Amino acid sequence: MRNNDIKEHVELIREVFSYVHRFAGATFVFKVEYEVAEHPLFPVLVKDLALLHGMGIRTVIIPGATGRINEVLQRYGIATESVGGVRISTPEAIPFIKMAAFDVSNQVMTLLAAHGANAVVGNWVRARSMGVIKGVDYGSTGVVERIDTELVNKILDEGLIPILPCIGWNAVGTPYNISSNELARVVSSQLQAEKLFLLLPEERLDAGDFTFPGGITFNPEGRISRLDIHTAEAFLDINASSSDPRLQYVKLACETCRRGVPRVHIVDGRVEGVILKEIFSNLGVGTMVHGNDYDSLRPMREEDITDVLRIMEPFVEREVLIRRTGADLERAAGDYVVYEMDDSIHGCGALHRYSDGSGEIAGIAVDTRYDRLGIGFKIVSYLVEVARREGLKRVFVLTTQTSDWFQRLGFVDADLDQIPPERRERYDRRRNSRIYQRILE
């Protein structure tokens, strides 16, 4: 195995371990569409869910049942109508709807048992009738009032996986057909879940399929990898005329985040290993809508130095950066910032100040696995803004192999005699670095 391959595997293992430690004891809710449950790879997905449960992640599953309900009603010749995407559940249909919903839940429970994970299907959902809206009587279709969180948490504490079918009951035991999407939102918020996963029979959200506002981050293949709530809502507004079914899940994700769930992940449940890849990687494989600060630039701390040296090393080997030691970084610690994602550092940079009122941007490095996410641009832009706020007149860079990149960021050619005397004395003529500067207004 090549050294680069070994490094990549080691970094992946480190990343996985960091997430395992972070999420132990956290609650994850998984909403699984029926078409995903019918896919040939669904047993593999359930095996991964059992693995997460065994790692100490409190796992809750909400099976979608629309497809199965349609099959059962058709088999028994029972017709139902829908208004605005909501099924009118007639008294004749509700026993069959219950049967279908519990059938899907029992299927999931059986597969979990096959992988050593104990689960229980229960009636922990209090619901009420939708009633009559604009003259339409929705019959036995209901809305969620609340979840018996005390019982669900007790089940989780006992090491079991609760499975909630899309059926709720009122105070006198009347059953209602409820939306599994609504159920996922309410369960996630009332259990104070760390994450909600929407496992869909849909392709990923790609840039080529939608109109998008600024602020959306794409991965190198064009996948919309993450959206904060504000950007996601702008994304929905711009694409309001589209009937793409994936948009309803972006809307659900926004609603869920608004109710206090930090992150909602929209993923294609038909892809093998999708859950593990989405959880144990900063890049993920789906689209994450987040309500908290996902990434941030902050001052470097002493405990960050090892990671900063690790990130710099590939660039030192290629002679893009000069070699710095831990002592070097410690002496200039106040000049460095790091780019942090989910408690992991994936980028760094420094702003060195000089007596003539100029600043040098140096040591820009980004984890090679994340170099297409615009992290370097964010670091440089941030350091330029810091320099501007501090009243520096200009910033400059010395570079051997990234001159085009800095020119795209607004830097222009400069001469050696334009940099501060104390920096000029340390100029390494063997490296023969090009010099660029940017005047600050």
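**View 1. Strand β22 and the residue pair S358–R394.** In this predicted model, in which local features need pLDDT of at least 70, side-chain atom pairs count only at pLDDT 80 or more, and totals for chains, interfaces and linings use all residues, S358 stands opposite R394 in β22. Residues are numbered from 1 along each chain as its sequence is written, and side-chain values use heavy atoms, with hydrogens and water left out. β21 and β22 pair in the parallel sense over 3 bridges, where two strands pair if DSSP finds at least two bridges between them; helices (H or I, at least four residues) and strands (E, at least two) are DSSP runs numbered from the N terminus. β22 also pairs with strand β24 (residues 434-439), in the antiparallel sense and over 6 bridges, and here V397 stands opposite Y436 in β24. The strand β22 is mostly covered, with 6 of its 6 residues buried, buried meaning under 20% relative accessible area, exposed over 50%, and partly exposed in between (1.4 Å probe, protein chains only). R394, F396 and L398 point one way from β22, whereas V395, V397 and T399 point the other way, and all are buried. In a regular strand the side chains alternate between the two faces of the sheet.

View 2. A volume of about 1000 Å³ is found for the largest pocket. On a 1 Å grid over the protein atoms alone, a pocket is an open set of points with protein on both sides within 12 Å along at least five of seven lines, whereas a cavity is a set of points where a 1.4 Å probe fits but cannot get out; lining residues have an atom within 4 Å of a point. Grid points are joined across faces, edges and corners, and a volume is the space filled by probe spheres set on the points. The largest pocket is lined by 39 residues, of which L321, R324, A362, G363 and I364 lie nearest its centre. Two or more residues of this lining come from each of α12 (326-331), β21 (358-366), α13 (375-389), β22 (394-399) and α14 (403-408), and the largest share, 7 residues, comes from β21. By class the lining of the largest pocket divides into 20 nonpolar, 8 polar and 11 charged residues, where Ala, Val, Leu, Ile, Met, Phe, Trp, Tyr, Cys and Pro count as nonpolar, Asp, Glu, Lys and Arg as charged, and the others, Gly among them, as polar.

**View 3. The second largest pocket.** About 860 Å³ of space lies in the second largest pocket, which is lined by 28 residues, with G85, V86, S179, S180 and N181 nearest its centre. The elements that give two or more residues to this lining are α2 (34-37), α4 (66-75), β4 (86-87), β9 (142-147), α7 (180-190) and α9 (246-258). Of these elements, α9 gives the most, with 5 residues. The lining of the second largest pocket has 10 nonpolar, 10 polar and 8 charged residues.

**View 4. Strand β13 between two parallel partners.** Strand β13 (residues 195-200) is mostly covered, 6 of its 6 residues being buried. K195, F197 and L199 point one way from β13 and L196, L198 and L200 the other way, and all are buried. Strand β1 (residues 27-32) runs parallel to β13 and is joined to it by 5 bridges, and the bridge partner of V32 in β13 is L199. A further 6 bridges join β13 to strand β16 (residues 263-268), again in parallel, and in β16 the bridge partner of K195 is R263.

**View 5. The surroundings of T27.** T27 has its place in strand β1 and counts as buried because its relative accessibility is 7%. The side chains of T27 and R58 are joined by a polar contact of 3.2 Å, a polar contact being a pair of N or O atoms within 3.5 Å; within protein, one must be able to donate a hydrogen and the other to accept it, and residues adjacent in sequence count only if both atoms are side-chain atoms. Leaving aside neighbours within four places in sequence, T27 is in contact (heavy atoms within 4.5 Å) with R58, V60, A193, E194 and K195.

**View 6. S89 in a loop.** S89 lies in the loop between β4 and α5 and is buried, because its relative accessible area is 0%. Not counting residues up to four places away in sequence, S89 touches I94, I97, Y138, G139, S140, T141 and N177.
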